[in-house]
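Thanks for coming, everyone. Let me put the model up, and then I will walk through it.

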Amino acid sequence: MSLRSRDLFRCGIVVAVIYLLCLPTDVPALRLALKGIPVILMAVWLAPWREHGARLIGLGLLLSAIGDVCLEASPRLFLVGLGAFLLAHVTYIAAFLRHSRRPAFIVAIPVAAFGLGTFLWLQPHLGAMTLPVLGYVVVICMMMWRAWALVADQSVARPIAWMAALGASSFGLSDTLVAHNRFIAPMLALQILLMLLYWTGQWGIAASQQARRTI
């Protein structure tokens, strides 16, 4: 790991820890200022964005930062934040398709089961948000499917495939907890866990692109 990468990693860890410490306190302005910084630092870590894959993942990270700010700023911006994250998933799908376009239906089955189970669990609590959440679940499952398709494709380097797959899965789990906190019952412990899963997932996706540069 280069000195620049270590510095960015340390800065991201410090910001993430401060944000988590702010969760139980009444300092919304500080949380708003901090929340998007870790994924922005991941986008900086990918720079320069010369490769098309790096541009796609970098764009996805910046869209995610916009989603972070929207979700933190106000419940009224939930749909805007959802849209930003949906577009981020689309950019990740495009990035993964650059590595492999094989159907890999065998890995689509468990991902589809996860998505269906998640939607059926949430559906009684969604009300007017049913269709937006359904669309989001479909897109994030497509993102997870294309990430795991890299693992199923033996021509894809293993570090790239596994970082992408585990990162996408961690992101998917974090979104499930976001939905629980938003539509069922907010819990501080789940908020902390979902943020840890979210940052880990984003790092895994970004690291899959960094691994491509070293193979």
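**Walking through the model**

Start with Leu 120, which is exposed, with a relative accessible area of 54%. On the terms: buried is under 20% relative accessible area, exposed is over 50%, and partly exposed is in between, with a 1.4 Å probe and protein chains only. Leu 120 sits in helix 6. Helices here are DSSP runs of H or I, at least four residues, and strands are E runs of at least two, numbered from the N terminus. From Leu 120 to Leu 134 it is 14 residues in sequence and 9.7 Å in space, C-alpha to C-alpha.

Two housekeeping sentences. This is a predicted model: local features need pLDDT of at least 70, side-chain atom pairs count only at pLDDT 80 or more, and totals for chains, interfaces and linings use all residues. Residues are numbered from 1 along each chain as its sequence is written, and side-chain values use heavy atoms, with hydrogens and water left out.

Now the inside. Which residues touch the most other members of the largest nonpolar core? They are Leu 61, Tyr 92, Phe 96, Met 143 and Trp 199, out of 59 residues in that core. By nonpolar core I mean a set of buried Ala, Val, Leu, Ile, Met, Phe, Trp, Tyr and Cys residues joined through side-chain atoms within 4.5 Å. The elements giving two or more residues to this core include helix 1 (3-22), helix 3 (37-46), helix 4 (52-73) and helix 5 (78-97). Also among them are helix 6 (105-122), helix 7 (130-152), helix 8 (158-184) and helix 9 (188-214). Helix 7 gives the largest share, 11 residues.

Take Met 143. Not counting residues up to four places away in sequence, Met 143 touches His 89, Tyr 92, Ile 93, Phe 96, Ala 168, Phe 171 and Ile 205. Contact means heavy atoms within 4.5 Å.

Next, helix pairs. Two packed helices are described by the angle between their axes and the distance between the axes. Axes are lines fitted to C-alpha atoms, for helices over the stretch in contact, and angles run from 0 to 180 degrees between N-to-C directions.

Helix 4 and helix 5 pack at about 165°, with axes 8 Å apart. That makes helix 4 roughly antiparallel to helix 5. The cut-offs: under 35 degrees is roughly parallel, over 145 roughly antiparallel, 65 to 115 roughly perpendicular, and the rest oblique. The crossing of helix 4 past helix 5 is left-handed. Left-handed means the near helix is turned anticlockwise from the far one by less than a right angle; clockwise is right-handed. The contact residues of this pair divide into 17 nonpolar, 6 polar and 1 charged. For those classes, Ala, Val, Leu, Ile, Met, Phe, Trp, Tyr, Cys and Pro count as nonpolar, Asp, Glu, Lys and Arg as charged, and the others, Gly among them, as polar.

Now helix 5 and helix 8. Their angle is about 165°, and their axes are 13 Å apart. That makes helix 5 roughly antiparallel to helix 8. Helix 5 passes helix 8 in a left-handed crossing. Helix 5 brings Phe 78, Phe 85, His 89, Tyr 92 and Phe 96 to the contact. Helix 8 brings Ala 164, Phe 171, Asp 175, Arg 182 and Phe 183. By class, that contact has 7 nonpolar, 1 polar and 2 charged residues.

A few single residues. Is Gln 209 buried or exposed? Gln 209 is buried, at 2% relative accessibility. Gln 209 belongs to helix 9. Leaving aside neighbours within four places in sequence, Gln 209 contacts Leu 46, Glu 51, Gly 53, Ala 54 and Ile 57.

Gly 36 is in the loop between helix 2 and helix 3. Gly 36 counts as buried too, at 6%. Setting aside residues up to four places away in sequence, Gly 36 touches Ala 65 and Asp 68. Gly 36 and Ala 65 are 29 residues apart in sequence, with C-alpha atoms 4.5 Å apart.

Last, the backbone. Most residues other than glycine have a negative phi, and most peptide bonds are trans. Where is Ala 104? Ala 104 lies in the loop between helix 5 and helix 6. Its phi is near 50°, a positive value in a residue other than glycine. Ala 104 is buried, at 16%. The peptide bond from Ala 47 to Pro 48 is cis, with omega near 0°. Pro 48 is in the loop between helix 3 and helix 4.
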